[in-house]
Amino acid sequence: MARYIVTGGIPLNGHASISGNKNSILALLPATLLANSPVTLHNVPQIADVAAVVKILELLGCRITGLGTSTLTIDPSHIRNVVIPPELTKKVRSSIMFLAPLLARFGKAELGFPGGDTIGKRAIGTHFDALASFNTKFKVSPNLVSADFSPAKKDVLVFLDETSVTATENSLMLAASLPVTTVIKNAASEPHVVDLGEMLIKMGAKVTGIGTNTITIVGADVSTLQGTTHTVSSDYIDAGTLAIAAAITGGTLTISPISPTDMHIILLYLGRFGIKYSWPKTDTLKIHPSQLSVDPEKLGIRQKFQTNIWPGFPTDLMSPLITLATQTTGTVLLHDWMYETRMYFTDKLVQMGANVTLCDPHRVIVTGPTPHYGRHLTSPDIRAGMSLLIAALVANGQSEIDHVEIIERGHEDPVGRLQALGAKITRVASEHEV
């Protein structure tokens with residue numbers, strides 16, 4: 001496994017360009033299978049998860065140009081295969097997103113169970129329930145999911161038992177391929193769901209309510225959905241992560257392009273930690289050097305920071321927020337009710353010197369600020385790994401972080417981007433990369 005060597009104590013200064021939304025592209029790529037002609041995607045993030053999904057597309061028979069660049073063109077007209085083996089699906093959680101487009105085109109699909117990060121159970125039962133509303137039948141074995149689909153002849157109502165992003169997206173894709181009206185209730189409303197809905201509209205589906213919890217889709221026959229060109233929206237998780245990294249190191253950083261709407265709850269929380277920011281341009285966020293401190297009581301209530309369904313605080317930023325709390329004056333409770341093991345990486349922050357109490361699998365209490373010291377660490381998942389990297393940027397001395405391929409699954413060129421901002425960081429390749 002490759003590793004990062006980081007020397008801390010250097011403020012991040014300059015400008016950072018935000019990558020395309022990781023969660024968007026991992027839905028948009030499978031959705032290209034619905035088109036009857038090539039789809040071109042711009043602003044594609046250069047991350048390992050994209051490479052894993054591209055391998056699946058190629059296995060299915062897609063012809064892809066632009067590999068290794070931020071613009072991909074996918075021609076799905078030659079796909080014949082409906083089987084995705086476990087050795088590919090285990091590499092990326094979003095492989096579950098191939099269910100709907102394969103069912104739409106062929107009426108059947110077979111894929112291994114999805115892999116990805118180990119941050120909780122993240123059961124896929126909501127996907128089965130949602131797609132069953134369209135007359136899909138499932139067979140599940142220890143390693144494989146098989147599905148058969150008979151297109152609905154009447155309007156469809158999908159009520160999700162949880163506001164699942166990926167189950168909403170799977171439902172959106174299948175609904176777009178049917179010439180009936182589908183209503184999805186308790187739908188997710190994240191920016192990446194909006195991204196998918198906008199591309200499906202360009203392809204020929206009629207979608208209303210996107211960005212709300214009730215989405216209505218008037219689909220088209222799958223054979224008539226057209227190829228299109230779509231630009232992936234900017235990644236607000238990337239923007240929030242860089243904002244925290246700048247603030248924790250005491251730097252001055254501009255970040256663009258990013259939509260202010262996508263940053264509302266993120267900046268509300270960061271502001272409560274004392275982070276100062278401004279908008280010098282409508283798509284440019286500026287982080288100023290700040291005195292990090294959290295009011296111990298806000299209107300008489302002790303501070304609590306909790307993930308929530310969008311537009312609440314996103315779970316993907318909880319790990320960086322915990323690292324921020326270790327360098328902030330005050331004591332706070334941080335709660336992520338979504339994933340059972342999101343908080344387990346905090347033992348590594350404690351090794352570095354942080355004062356973190358793990359209350360249960362979902363909650364930690366952090367008292368700061370505490371000095372951090374360089375340590376030898378291992379990245380456990382994408383977001384926790386990036387959070388440890390942020391901690392290393394502010395630590396005294398040198399840190400080594402192993403298994404950084406995990407970080408690179410979801411963050412574009414961490415080393416190059418941080419070096420451009422002044423960080424002292426190098427990447428040591430693993431033996432098989434040399």
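## Helix α6

At the start of helix α6, the backbone nitrogen of Ala167 has a side-chain oxygen of Ser164 within 3.0 Å. This contact belongs to a predicted model, as do the other features described in this report.

Helix α6 covers residues 165–176, twelve residues in total. From its first C-alpha to its last it reaches 16 Å, close to the 16 Å expected at 1.5 Å a residue. Eleven of the twelve residues are buried, so α6 is largely enclosed by the rest of the structure. The buried residues include Val165, Ala167, Glu169, Asn170, Leu172, Met173 and Ala176.

## Confidence of the model

The protein chain has an average pLDDT of 94, and 96% of the residues score at least 70. Over residues 117–122, however, the pLDDT is below 50. Beyond near neighbours in sequence, this stretch has 17 contacts in the model.

## Nonpolar cores

The largest nonpolar core comprises 75 residues. Within this core, the residues that touch the most other members are Leu29, Leu41, Phe98, Phe134 and Leu172. Leu172 is also one of the buried residues of α6.

Phe98 is in contact with Pro30, Leu33, Val53, Ile56, Leu57, Leu60 and Ile84, when its neighbours within four places in sequence are left aside. A second, separate core contains 69 residues, among them Ala247, Ile322, Met343 and Ala392.

## Cysteines

The structure holds zero disulfides. Cys62 is buried, with a relative accessible area of 7%. Cys359 is partly exposed, with a relative accessible area of 35%.

Gln327 lies in the loop between helix α10 (318–326) and strand β21 (330–335). Its relative accessible area is 16%, and because buried means under 20%, Gln327 counts as buried.

Not counting residues up to four places away in sequence, Gln327 touches Ile248, Leu292, Pro369, Thr370, His372 and Val394.

## Val350 in helix α11

Val350 is part of helix α11, which spans residues 346–352. At 40% relative accessibility, Val350 counts as partly exposed, whereas Gln327 is buried.

Val350 and Tyr339 are separated by eleven residues in sequence. In space, the C-alpha atoms of Val350 and Tyr339 are 21 Å apart.

How values were computed:
Residues are numbered from 1 along each chain as its sequence is written. This is a predicted model: local features need pLDDT of at least 70, side-chain atom pairs count only at pLDDT 80 or more; totals for chains, interfaces and linings use all residues. Side-chain values use heavy atoms; hydrogens and water are left out. Helices (H or I, at least four residues) and strands (E, at least two) are DSSP runs, numbered from the N terminus. The expected span of a helix is 1.5 Å times one less than its number of residues. Buried means under 20% relative accessible area, exposed over 50%, partly exposed in between (1.4 Å probe, protein chains only). A polar contact is a pair of N or O atoms within 3.5 Å; within protein, one must be able to donate a hydrogen and the other to accept it, and residues adjacent in sequence count only if both atoms are side-chain atoms. pLDDT is the predictor's confidence in each residue, from 0 to 100. Contact means heavy atoms within 4.5 Å. A nonpolar core is a set of buried Ala, Val, Leu, Ile, Met, Phe, Trp, Tyr and Cys residues joined through side-chain atoms within 4.5 Å. A disulfide is a pair of cysteine sulfur atoms within 2.5 Å.
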